[in-house]
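The following note sets out points for a colleague who is examining the model. Each point may be checked against the coordinates.

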Amino acid sequence: MPIDALTVQGVRGIRDPLTFQLKGHSLLVQGDNGTGKSSIEAAIRWALTGANEPTEDPSFTTPESFRRHVKTTPDFPAVRVEFMDRSVVSVRPGTFEAEGKGNEYRNACRAAPPFLRRSELLDVLKSRPVDRFRYFE
């Protein structure tokens with residue numbers, strides 16, 4: 001299902017709420033190092049698959065403590081994904097809320113990730129064509 005809007009706050013390099021009005025269009029993120037590209041990807045992955053949730057660990061003490069912004073409290077990170085059919089997926093540390101078909105969408109994303117990191121995309125492209133099409137089914 002196409003995404004209508006995405007709001008991210010307190011995830012890695014993104015401290016204050018940042019909203020993208022996608023209106024069902026694709027999102028291509030390009031920028032210099034340290035500008036938040038991976039933060040956006042981590043936020044979407046957290047909301048849609050449950051992976052990479054920010055922790056309560058003090059900043060820079062564990063690998064997981066890099067998942068939230070260094071100047072935010074453990075309960076501050078949040079991601080909200082609004083879909084074109086008005087379904088919603090919303091996460092905060094330790095919580096998940098869904099409206100409409102949000103739970104269905106999250107389960108589908110867990111079964112087959114809806115986006116790929118560069119290394120994952122290269123693996124798919126290097127595979128045999130028949131295997132490549134199976135991934136995208």
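1. Contact here means heavy atoms within 4.5 Å. Helices (H or I, at least four residues) and strands (E, at least two) are DSSP runs, numbered from the N terminus. Axes are lines fitted to C-alpha atoms, for helices over the stretch in contact, and angles run from 0 to 180 degrees between N-to-C directions. On these terms, H1 lies across S1, S2, S3 and S4, at about 70 degrees to S3. H2 lies across S3, S4 and S5 and runs at about 120 degrees to S5.

2. This is a predicted model: local features need pLDDT of at least 70, side-chain atom pairs count only at pLDDT 80 or more, and totals for chains, interfaces and linings use all residues. Residues are numbered from 1 along each chain as its sequence is written, and side-chain values use heavy atoms, with hydrogens and water left out.

3. Five strands form an open sheet in the order S2-S1-S3-S4-S5, with antiparallel pairing; two strands pair if DSSP finds at least two bridges between them. Strand S2 (18-21) and S5 are the edge strands, each pairing on one side only. Between S1 and S3, which run antiparallel, there are six bridges. Ala 5 stands opposite Glu 82 in S3.

4. Not counting residues up to four places away in sequence, the contacts of Val 79 include Leu 6, Ala 43, Trp 46 and Val 91.

5. The structure holds two salt bridges, a salt bridge being a side-chain nitrogen of Lys or Arg within 4 Å of a carboxyl oxygen of Asp or Glu. In one, the closest N and O atoms of Glu 41 and Arg 45 are 2.5 Å apart. Because Glu 41 and Arg 45 are four residues apart in helix H1, they are separated by about one helical turn. Both are buried (buried: under 20% relative accessible area; exposed: over 50%; partly exposed: in between; 1.4 Å probe, protein chains only).

6. Arg 80 and Glu 82 also form a salt bridge, at 3.0 Å from N to O. Arg 80 is partly exposed at 31%, and Glu 82 is partly exposed at 25%.
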